[in-house]
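Look at the fold below before reading on. The paragraphs that follow go from charged pairs to strands, helices and surface.

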Amino acid sequence: MPKTKTSKNSDAASALEDGFAPRARAARPSASPTMVKQAYDHLLTALMTLQIAPGDRIAIDQVARRLDISQTPVREALSQLEAKKLVVKTPNVGYRASPQMTREEVRDLYALRQLIEPYTAARAAAAMSPRSIATLKSIDRAMSSIVDGDPDAFSNFAAADDQLHQLIAALSGNRLVADMLEGLHAHMHIFRALYRTNAPSEAAAEHRVVIDALVAGDPDGAENAMRIHLERSLQRMDEALAGEEAPTT
């Protein structure tokens, strides 16, 4: 029913506004939802920070021991990550982190983001509240305080970037889109961690234009600013991959 859907979307946005909320929004399984979420968050963080690198085997028993839980919630968490194509399962072998994305896959992923995220930005701009505005301004301050070249710049910016895009997706009111974008952004952060493509100053300036349009309640401005940000982000990705593929002399 519409009432229930609105309530769920509102809950998702509210959760993200409270301290920027955790990245993961695990589906609630019938058994041990808290433990499944704990395993999901742990594995997602490990994948995004390259503690588990692309192609690495994931030992379920080791994860379970580290978290002091049974293997069942770990398996359920891995099943959720498999649905987002962040891990792959081989019969009679087990799970591995998904392989590193190719240049073509990165471009395809950005093509999908270009179709979806300008739309979510426009929808979010039409759904601003004082609480949302305060959260957006906090994210902007966090991004602006990050200095290029700082040893922690990559991880700090990645966290703020993730918070911003998740909040925009949640405020769009479309839960299916928000869930899809969570997986896409996880793939992006893994790629960025591998190639160090973040340019905090540039990206922070681009995000500020998006945030300003959102705060102003300007759907057209937010849509256009998001589109420009994604175009420039893809350009940075392309340049990073071109550098990797350039022949050595």
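A salt bridge is a side-chain nitrogen of Lys or Arg within 4 Å of a carboxyl oxygen of Asp or Glu. Side chains of opposite charge can pair when their charged atoms come close. The model shown is predicted, so local features need pLDDT of at least 70 and side-chain atom pairs count only at pLDDT 80 or more, while totals for chains, interfaces and linings use all residues. Residues are numbered from 1 along each chain as its sequence is written, and side-chain values use heavy atoms, with hydrogens and water left out.

Start with the overall plan. The protein has ten helices and three strands; helices (H or I, at least four residues) and strands (E, at least two) are DSSP runs, numbered from the N terminus. Read from the N terminus, the order of elements is α-α-β-α-α-β-β-α-α-α-α-α-α. Of the 249 residues in the protein, 46% are buried, where buried means under 20% relative accessible area, exposed means over 50%, and partly exposed is in between (1.4 Å probe, protein chains only). Contacts are heavy atoms within 4.5 Å. Among the protein's contacts with a separation of 6 or more, 77% are between residues 24 or more positions apart.

Now return to the charged pairs. How many salt bridges does a search of the whole structure find? The search finds ten. One of them joins the side chains of Asp41 and Lys37, with N and O 2.8 Å apart. Both residues belong to helix 2 (residues 33-48) and are four residues apart, about one turn of the helix. Lys37 counts as partly exposed because its relative accessibility is 30%.

Other salt bridges link separate helices. Arg208 pairs with Asp140, and their closest N and O atoms are 3.3 Å apart. Since Arg208 lies in helix 9 and Asp140 in helix 6 (residues 130-144), the pair ties together parts that are 68 residues apart in sequence. Arg208 is partly exposed at 30% relative accessibility, whereas Asp140 is buried at 16%. A further salt bridge joins Arg236 and Glu202, with 3.2 Å between the closest N and O atoms. Arg236 is in helix 10 (residues 219-245) and Glu202 is in helix 9, so this pair ties together parts that are 34 residues apart in sequence. Here Arg236 is buried, with a relative accessible area of 12%, and Glu202 is partly exposed, with 47%.

Salt bridges that share partners also join Arg103, Arg107 and Asp238 into one network. Asp238 is in helix 10, and its relative accessibility of 19% makes Asp238 count as buried. Leaving aside residues up to four places away in sequence, Asp238 touches Arg103 and Arg107.

Next, the strands. Two strands pair if DSSP finds at least two bridges between them. Strand 1 (residues 57-58) pairs with strand 3 (residues 94-97) in the antiparallel sense over two bridges, and Arg57 stands opposite Arg96 in strand 3. Strand 2 (residues 87-90) also runs antiparallel to strand 3, joined by four bridges. Which residue of strand 3 is the bridge partner of Lys89? The partner is Tyr95. The hairpin of strand 2 and strand 3 has three residues between the strands, and Asn92 in this hairpin takes a positive phi near 65 degrees.

Buried residues in helix 9 include Pro200, Ala203, His207 and Leu214. Just after the helix, Gly217 takes a positive phi of about 65 degrees.

Is Ser172 buried or exposed? Ser172 is buried, with a relative accessible area of 2%. This residue lies in the loop between helix 7 (153-171) and helix 8 (175-195). Ser172 and Thr120 are 52 residues apart in sequence but 5.0 Å apart in space, C-alpha to C-alpha. Leu115, in helix 5 (residues 103-125), is exposed, with a relative accessible area of 69%.
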